[in-house]
Amino acid sequence: MNESRVVILGGGMVAGYAAKQLVELGLKPGELAILSADTAIPYERPPLSKGFLAGKETEEAIRINPEDFYRKRGIDVKLGCVVSAVDPLRKRLTLKSGGEFGFNKLIVATGARPRTLEIPGAQLRNLHYLRSLDDSKAIQRSAENVKRAVVIGGGFIGMEVAAVLSHKGIEVTMILSDDRIWKRLFSPQMSSFFEWYYMSRGVRFAKNATVSELRGAETVSSVVLANGQAIACDMVIAGIGVRPAMEMLSNSRIDIGDGVMVNEYLETGSPDIWAAGDVANYEDVLFGKRRRVEHWDNILGRFIRRGPSRAPRRSCQQELQCVVAASETAGGRLHHESSRR
Ligand SMILES: Cc1cc2nc3c(=O)[nH]c(=O)nc-3n(C[C@H](O)[C@H](O)[C@H](O)COP(=O)(O)OP(=O)(O)OC[C@H]3O[C@@H](n4cnc5c(N)ncnc54)[C@H](O)[C@@H]3O)c2cc1C
């Protein structure tokens, strides 16, 4: 059985920045393994709907650490490695490919997965979701030879993809379930500014609309709305939200709900197991409530310190010092105070 003192489950943004920080804090070769379902070493996801999708940034440019960083530091990165179960008592991960992987300290950083359409035609080619590098590349390829695209969803993914496709000269229709764009976040004034801006560049909107069906032979040729309207298109991108990726924890007795339930120090109730990033539902002492935030700044900057000052913590990197401190402490508890400076 393979094993490592510290294991990061997930090879996304948390993993990339955690590895960097752990190295700065004196990680020794052979002490860290990253088990990732992804096909690429940790990269920044924001460019996938912006510069990378537009062809302005390369794969190399969006890597969090250079390719040889992991090899040189003796970090074992296992790509295409899906973890199907976590056993906190035996400190073992079950791999989908067979076998187990042992850990002493575990950081669960499995992020989130796109919500998918559950409607007739959802199996047709040219329907895309966007979470990974491979998804972004697939959208780029599809966009090479199309004239019309439908973007389902008016949140940040929908808005950014619509902007990039429109820049490529593709006629874009955005389908919004609300009466205005990004209603959840924008004021009415902001929505109307962005709608005006997008329309002035040729983007059309279908508002208060529900998609009931995708039609086509092998690829999507039209999107049908609940009111019967059919919008002809050559490709569809659905940006309709995400769900925390945590099915591997379902029989682990680790507390899950809308994300992995952790305290303000990202500790789960199981000793030596933390959760961070999009999957973590954390106790936010500043706002006095639980939150799960899908934002890169959540990884780098949202961590806050307990105690009288309640000053915002500077970064996730400080938080990750806790993990290191814990792994070097006989009792395995965190040295919060010393790692906060
Ligand atoms: C297109 C796009 C644009 C974005 N733009 C912005 C932006 O402009 N600003 C912003 O703040 N945020 C943005 N975000 C959100 C930001 O990227 C996330 O907050 C961030 O990636 C979360 O990092 P994470 O490590 O928690 O999860 P992720 O980066 O998603 O990494 C999760 C990792 O876990 C792996 N994994 C999942 N399940 C398993 C399993 N069972 N076994 C093994 N590995 C597994 C995945 O393969 C992946 O490697 C964007 C996201 C996307 C997709």
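**Exercise 1. The largest nonpolar core**

Find which residues of the largest nonpolar core in this predicted model touch the most other members, and which element gives the core its largest share.

*Solution.* Start with the core itself, which has 44 residues; Val7, Leu9 and Val108 touch the most other members. Next, look at where the members come from. The elements giving two or more residues are β1 (2-9), α1, β2 (32-35), β4 (83-87), β6 (100-108), β18 (259-262), β19 (273-275) and β20 (280-284). Among these, α1 supplies the largest share, 8 residues. Then zoom in on Leu9: beyond four places in sequence, Leu9 touches Leu35, Val83, Leu93, Leu106, Ile107, Val108, Ala109 and Thr110. Finally, note that another core lies apart from this one; that other core has 36 residues, including Tyr129, Val150, Leu214 and Ile237. As background, nonpolar side chains in soluble globular proteins tend to be buried together.

**Exercise 2. The two faces of α3**

Work out which residues of helix α3 are buried and what covers them.

*Solution.* Go along α3 (residues 133-143) and pick out the buried positions: Ser136, Ile139, Ser142 and Ala143. They span an arc of only 125 degrees around the axis, so they sit on the same side of α3. Now turn to the face directed away from the buried side, where Asp134 and Arg141 are exposed. To finish, see what lies over the buried residues of α3: the cover includes β8 (127-128), α4 (156-167) and β15 (235-238).

**Exercise 3. Met174**

Decide whether Met174 is buried or exposed, and name its contacts beyond four places in sequence.

*Solution.* First place the residue: Met174 belongs to strand β10 (residues 171-175). Then count its surroundings. Met174 has 27 other C-beta atoms within 10 Å, and because the cut-off for burial is 20 or more, Met174 is buried. Its contacts beyond four places in sequence are Val151, Gly154, Gly158, Ala162, Val203 and Phe205.

**Exercise 4. Around the ligand**

Describe the shell of residues around the ligand by class and by domain.

*Solution.* Begin with the 33 residues around the ligand, of which Gly10, Gly12, Arg45, Gly111 and Gly277 come nearest. Two or more residues come from each of α1 (13-24) and α6 (296-300), and α6 gives the largest share, 3 residues. Sorted by class, the shell has 18 nonpolar, 9 polar and 6 charged residues. Lastly, domain 1 (2-113 + 243-340) and domain 2 (116-238) each contribute at least three residues to the shell.

Note on methods:
Residues numbered from 1 in each chain as written. Predicted model: local features only at pLDDT ≥ 70, side-chain atom pairs only at ≥ 80, totals over all residues. Helix = DSSP H or I, 4+ residues; strand = E, 2+ residues; numbered from the N terminus. Buried ≥ 20, exposed ≤ 12 C-beta atoms within 10 Å, placed from the backbone. Contact = placed C-beta atoms within 7 Å. Near = placed C-beta within 6 Å. Nonpolar A, V, L, I, M, F, W, Y, C, P; charged D, E, K, R; others polar. Domains from an automatic or database assignment. Core = buried A, V, L, I, M, F, W, Y, C linked by C-beta atoms within 7 Å. Arc of directions from axis to C-beta.
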